[in-house]
Amino acid sequence: MLAYLILSGITTGALYALIALGITILFKAAGTVNFAHGELFMMGGFLAYTFVTLLGLPYLLALALAIAGAFVFGIITDRIAFRPLIGSRALGVVLATVGFAFILRGTARILWGGKGDYLSLPPLFAPDPIIWGPLIILPQQLVVIGGTAIVLALFAAFFRLTRLGKMMQATADNAKAARLVGIRIEHIYTLAFGIGAAVAAISAVLMAPLTLLYTDMGFALFVKGFAAAALGGLKSLPGAVIGGLLVGLIESLAAGYIASSFLDISAFVVIMVVLIFCPSGLLGGPAARRV
Amino acid sequence: MSSLALANLPAWLVGRRTLGCAALAAMIVLPFFANPYWLFVGNTLLIYVILTTGLNLLVGFAGQLAFANAAMFGIGAYGTGLTQVDFGFPFWLAAPCGMFLAAGFGTVLAFPALRLSGLYLGLATLAFAQIAQWVFMHWEAVTFGAGGFKVPPVSFAPLPVSNEIGLYCLTLLIAVVVVLLAANIVRSRLGRAFVAIRDGAVAAESIGIDLLRYKALAFGLSGLTAGIAGALYSGLLNFVAPESFDLFQMMLQKAMIVVGGLGSIAGSVIGATLLTLVLEALRGVKSWQEIAFGALLLGFVILIPNGLADFLRRRVPGWREPLIHPALSGDADDAIAEPVPAPIPAALQGGTLAPGSLAPTSAALEGAARQ
């Protein structure tokens with residue numbers, strides 16, 4: 001029981017970690033949170049569904065196209081709902097991205113709604129469960145965990161080794177100074193939106209075979225990813241991963257040991273308690289008190 | 001825009017108060033002409049006026065990025081409905097129970113708000129809203145679960161009016177009282193304190209504004225109005241169910257105050273009216289409702305960030321709303337990373353310093369003062 005709960009907790013936790021990663025990358029770079037992130041996740045999943053199931057493209061090509069498509073949607077989000085608002089208050093960006101989220105959701109409902117509410121995406125490997133002692137492991141769970149690990153490794157390398165990654169880090173560290181040394185920070189913001197959306201699409205593709213796709217899935221996942229990112233302090237990439245895994249594990253254990261209905265709510269209880277006692281997250285460092 | 005026909009009319013004719021009175025007169029005569037459907041729409045509209053007026057105090061004036069108003073609305077409705085069903089209270093007794101329950105929860109939310117600001121506060125209140133929604137859904141022994149429950153109709157027994165018209169008149173009366181009270185609050189010491197907190201919490205505290213007290217008041221007042229609206233809503237529908245108080249509801253109220261004008265009481269009324277009618281026109285086509293609503297929200301934030309009220313204030317000579325403040329633009333503690341000066345001369349682009357970036361902003365000065 002415990003081993004099973006931990007395995008499923010880590011699987012969902014890995015997905016929350018990827019969503020939180022996208023949120024954190026954007027927050028580090030641009031100091032804002034994209035409330036359409038969950039809808040970008042949903043769009044990534046539906047694009048993959050379109051390419052794989054409706055158009056019958058080869059699986060890996062379809063995934064690459066879906067991720068590229070989500071990247072483009074991320075850039076559109078930046079152009080429509082963020083760039084006109086640079087220099088205005090955080091509330092404006094939040095509301096603009098909320099508005100964009102509703103546009104995306106309504107569009108998805110027109111395009112993909114009405115074909116049965118829940119759509120399924122075939123998994124990468126045939127679902128032949130591995131039985132290991134008392135534990136039944138779905139291959140897709142391993143794909144999720146492995147895929148997350150690969151994405152995380154790629155990001156670590158990207159930020160340490162590439163010029164672009166270092167430019168993003170410089171912008172996150174000090175936007176004014178970054179501009180002084182010649183970094184076009186608007187482009188970095190755009191890139192952060194695109195990368196966040198692409199990561200969201202990867203997590204959607206990994207998750208869809210396990211859960212199913214539906215147009216209203218975005219917001220709940222966004223809030224959980226946001227909670228995970230905030231647990232990690234919103235500014236730390238390892239923090240986002242740890243936060244995501246924690247949220248996944250807490251959900252799974254609460255659902256297993258208390259009541260299954262607690263699955264949806266335990267993360268929110270935890271995040272409220274954490275925010276009240278550590279206002280900038282568990283890994284957010286000492287709180288900058290803004291009385 | 002000076003060619004706008006309204007601008008040529010005498011100020012007293014198109015003043016804010018004149019237009020307000022005209023709107024009020026229209027709402028008063030509505031029950032005499034309207035069929036039951038339009039009476040229902042009018043009643044819904046008035047409930048949204050009550051909700052958005054309270055929410056604007058919290059978000060537009062006090063500047064707190066809170067997402068819990070739909071939950072307060074729900075707590076008011078559940079409090080009213082459940083005391084009627086479980087204890088057999090009449091509506092007159094049950095409604096204040098729901099109201100004060102919501103105000104209580106609202107006030108409690110001010111405590112996290114004292115430690116959190118900006119997006120963290122948004123997340124904490126979002127979590128609270130999700131928890132409230134979950135309690136409505138899953139605490140079946142008390143709330144009757146996801147299916148909701150029926151509430152007895154509100155009776156105006158000794159008065160010679162039908163239930164529907166009676167409730168409409170009651171809602172209208174409360175809406176007028178709430179709007180007038182709010183308009184007075186924002187001109188009082190309280191309203192000025194809210195605006196001071198929004199524009200700079202540190203500065204506000206340094207001139208003697210007790211943050212806990214005023215934040216608690218802002219959250220409590222918006223909770224109270226949301227509670228009243230919830231009580232009336234349960235009476236209007238005769239039915240209470242969790243999905244009426246979900247995130248869409250929250251974002252809808254947010255969109256109303258943005259469209260109407262953050263930091264403007266008249267704006268709350270205008271935004272509530274406009275969005276209620278738009279959503280009513282698109283009723284039944286959820287996707288188009290979402291698109292229209294999202295596009296309105298996005299379009300207003302970007303193109304008319306201070307809402308229709310500010311637009312009217314600039315264009316209509318008699319508008320003259322006191323203390324209307326741009327709530328979205330301008331320097332603030334939480335301004336997005338780097339204000340980029342709009343026209344950067346080509347010669348200066350690509351590495352050299354942009355003009356204006358050496359001029360200290362008020363936010364920067366405040367940061368310096370904090371160190």
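**Two chains in contact: a chat about a predicted model**

Biologist: Happy to look at this with you! How many residues does the contact take from chain A and from chain B?

Modeller: This is a predicted model, and we count the residues of each chain that take part. The contact takes 55 residues from chain A and, from chain B, 54 residues.

Biologist: Which element gives the largest share of the side of chain A that touches chain B?

Modeller: Elements giving two or more residues to that side include α3 (59-82), α4 (90-112) and α8 (185-207) of chain A. By kind, the residues of this side divide into 36 nonpolar, 11 polar and 8 charged. The largest share is 18 residues, and it comes from α4(A).

Biologist: Nice. Is L234(A) buried or exposed?

Modeller: L234(A) sits in the loop between α9 and α10 (237-257) of chain A, and its phi is positive, near 65°, though it is not a glycine. Most residues other than glycine have a negative phi. Burial needs 20 or more other C-beta atoms within 10 Å. L234(A) has 26 of them within 10 Å, so it is buried.

Biologist: And how does N238(B) count, by its C-beta neighbours inside 10 Å?

Modeller: N238(B) lies in the loop between α11 (211-237) and β2 (239-240) of chain B. Its phi is also positive, about 55°, and it is not a glycine. A residue is exposed at 12 or fewer neighbours and buried at 20 or more. N238(B) has 13, so it counts as partly exposed.

Biologist: Last one: what percentage of chain B do buried residues make up?

Modeller: Chain B comes to 16 helices and 2 strands. Of its 371 residues, the buried ones make up 47%.

Methods. Residues numbered from 1 in each chain as written. Chains lettered and ligands numbered in written order. Predicted model: local features only at pLDDT ≥ 70, side-chain atom pairs only at ≥ 80, totals over all residues. Helix = DSSP H or I, 4+ residues; strand = E, 2+ residues; numbered from the N terminus. Contact = placed C-beta atoms within 7 Å. Nonpolar A, V, L, I, M, F, W, Y, C, P; charged D, E, K, R; others polar.
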